[in-house]
Amino acid sequence: KSSNEGNDSKQTTKDYKMMHRVMSQLPPEELAPFGGLPALPSSNGTTTKLTAVELQEFETKMELLWQHRQDELQKMQSDGSIADLPKILRERIEMLKGYLMDSSHELMELLDGRRRSIDHDEEEDGTNSSSSANNIIEALRDLEFQLSDVDMARDFHTLGGWPYLIALLDDTLHGGHDDDDVNDEIRALVDEIRALAATTIGTAVSNLGEFRHWALEDVSSTMNEMRTSSNNNDKNEKMTALSLLTRVFQEELDQRTEAMAGGTMAVEGPSHTVAMAKSRATFKLRAIYGLGSLLRGNPTAQQQFILNNGPDVLVRNVLGTLSNVRGPTADPSLSRLDYKFASKVLALGEDVVMDVVLHDQEYIQIDESATDDVKKEYAAEGVTTANQLVASFTTEQWCDLSLRMLAPPTEVLGEMSSRGIKERALSAVRAMAPSCQAVYQEEVDGDIVWGVEEVKRVRVEWNREGSGDGFDPVYRKELLDLVDGVLGVLQ
């Protein structure tokens, strides 16, 4: 069966969650003329589950709000009634550069400020919509909002800010501290800064297709200026937004390997370790958002990602995360973050596969009948073909992940969150099915059965009308139609 079935209309969609996050920072009175900010649809228990019609209404309203805001910013800039935006961007760039030049001092200043806030029972919302930002965290939060505007994102890049933003992803450029009493707190701050940098990168490149090439821009010369003599191991290595975001997940794999070699397991420790685990899990979520923004709809970046072994790094990181032993008293929120991360990684794999399927003219094609010599010639030149791209996201590990996500631990995640994860996993199974079936080649009575039983179990679970599970009849039909569509591809 073709994976095109039921997906022919899929296109690269706008990032409505990014729009919602950015617009939520505006004062309510600015949104009031449009009926306020609509509820963000989601699969977790804290936000709203929408029907297909309601989802369309949400997207239409978000586009209206977004366009109004862009028009308003353009008018304010033309009238001279807005602050000197290039000046603000230069200030932000200087803030990034200043932090990188003396990160150890800046981190201790941030930590002291956080402790004073706690001591005085103050709330630190970290948001600052004025032209002033007092520290790196405030600057990055402002910057993400500012770079959601196409012109400001372009100006930020033209003014030379991109390399400094990318540099914040490099763990080695954040100064540490020898005092064990503050190490975990500093580590959490670094994770927060890197997370904000990843989010800002994702928001900036999501604006327009013309920004796609930023993903592969070499920023190594700027980063090397920031390095100390004891911190120059990567001096001759090309560094890009794509390579540094990929490295985030490779570094964690290396740490796990080292821990296992030392005979230790990733088990939940004292409370401060749990806080550290949360900060790291949140950073990984932001990093996968940034990475997805660089890869989606970007064949050139996708090909480079394959050459850097990115898909294997991602899926091994996810499977390791889901297998992490946190201990019997672990905070359930950690598991929820782990599965949210895994779901986003799987969605990224699905989107790259569908990019190739739906836009194959943008990818290099090699006929299956091509000789081994022809294939070797392409490989020697570092060319990634469409077939190789799909194959890299449909290995045994990727196929196993898609099926594993059909059975998340509902008792930990909750009914609504678990159901949302299954919905997204079903979509991934449908996209990956032809290649995964070819990988497994397991047949029963002449039929390839990969994924069939797992999907049927989901159907049985959702087909319980009258069971009191709280499903709206229309929503139940949508879920069952989704399952039946996947089964149609598998069988």
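Author: Happy to! Let's begin with a term: a residue is buried when its relative accessible area is under 20%. Keep in mind that this is a predicted model. Ala301 has 0% relative accessibility, so Ala301 counts as buried.

Reader: Okay, and where is Ala301?

Author: Ala301 sits in helix α13.

Reader: Which residues is Ala301 in contact with, leaving aside its neighbours within four places in sequence?

Author: With those neighbours set aside, Ala301 touches Ala215, Leu216, Leu242, Leu294 and Leu295.

Reader: Nice. Zooming out, how many helices and strands are in the chain?

Author: The chain has 22 helices and two strands. It runs to 491 residues, and 46% of them count as buried.

Reader: What about contacts across the chain, how many join residues at least 24 apart?

Author: Take the contacts between residues at least 6 apart in sequence: 78% of those join residues at least 24 apart.

Reader: Let's go back to α13. What comes between α13 and α14?

Author: A loop, and Asn309 lies in it. Asn309 has a positive phi of about 65 degrees, although it is not a glycine.

Reader: Is Asn309 buried, exposed or partly exposed?

Author: Asn309 has 40% relative accessibility, so it counts as partly exposed.

Reader: And α14 itself, at what angle does it pack with α15?

Author: Helix α14, residues 310-322, packs with helix α15, residues 332-358, at about 155 degrees, and their axes are 10 Å apart. An angle over 145 degrees counts as roughly antiparallel, so α14 and α15 are roughly antiparallel to each other. The crossing of α14 past α15 is left-handed.

Reader: Which residues meet there, in α14 and in α15?

Author: From α14 come Leu314, Asn317, Val318, Thr321 and Leu322, and they meet Asp338, Tyr339, Phe341, Ala342, Val345 and Leu348 in α15. Sorted by class, this contact of α14 with α15 has eight nonpolar residues, two polar and one charged.

Reader: Switching topic: how many disulfides does a search of the whole structure find?

Author: The search finds one disulfide. The bond joins Cys399 to Cys436, with 2.0 Å from S to S. The link of Cys399 and Cys436 is left-handed, with -90 degrees about the S-S bond.

Reader: Which helices do Cys399 and Cys436 lie in?

Author: Cys399 belongs to helix α18 (residues 396-404) and Cys436 to helix α20 (residues 415-440), so the pair ties together parts that are 37 residues apart in sequence.

Reader: Are those cysteines buried or exposed?

Author: Cys399 has 0% relative accessibility, so it counts as buried. Cys436 is buried too, at 0% relative accessibility.

Reader: One more! How do α21 and α22 cross?

Author: Helix α21 (residues 452-462) and helix α22 (residues 473-490) cross at roughly 165 degrees, and their axes come within 10 Å. α21 and α22 are therefore roughly antiparallel to each other. The crossing of α21 past α22 is left-handed.

Reader: Who meets whom in α21 and α22?

Author: The α21 residues Val452, Val455, Lys456, Val458, Arg459 and Trp462 meet Arg476, Leu479, Leu480, Val483, Asp484, Val486, Leu487 and Leu490 in α22. By class, the contact of α21 with α22 has 10 nonpolar residues, no polar ones and four charged.

Conventions. Residues numbered from 1 in each chain as written. Predicted model: local features only at pLDDT ≥ 70, side-chain atom pairs only at ≥ 80, totals over all residues. Heavy atoms only, no water. Axes fitted to C-alpha atoms, helices over the stretch in contact; angles between N-to-C directions. Helix = DSSP H or I, 4+ residues; strand = E, 2+ residues; numbered from the N terminus. Parallel < 35°, antiparallel > 145°, perpendicular 65-115°, else oblique. Left-handed = near helix turned anticlockwise from the far one by under 90°. Contact = heavy atoms within 4.5 Å. Nonpolar A, V, L, I, M, F, W, Y, C, P; charged D, E, K, R; others polar. Disulfide = S-S within 2.5 Å. Buried < 20%, exposed > 50% of the residue type's maximum accessible area, 1.4 Å probe, protein only.
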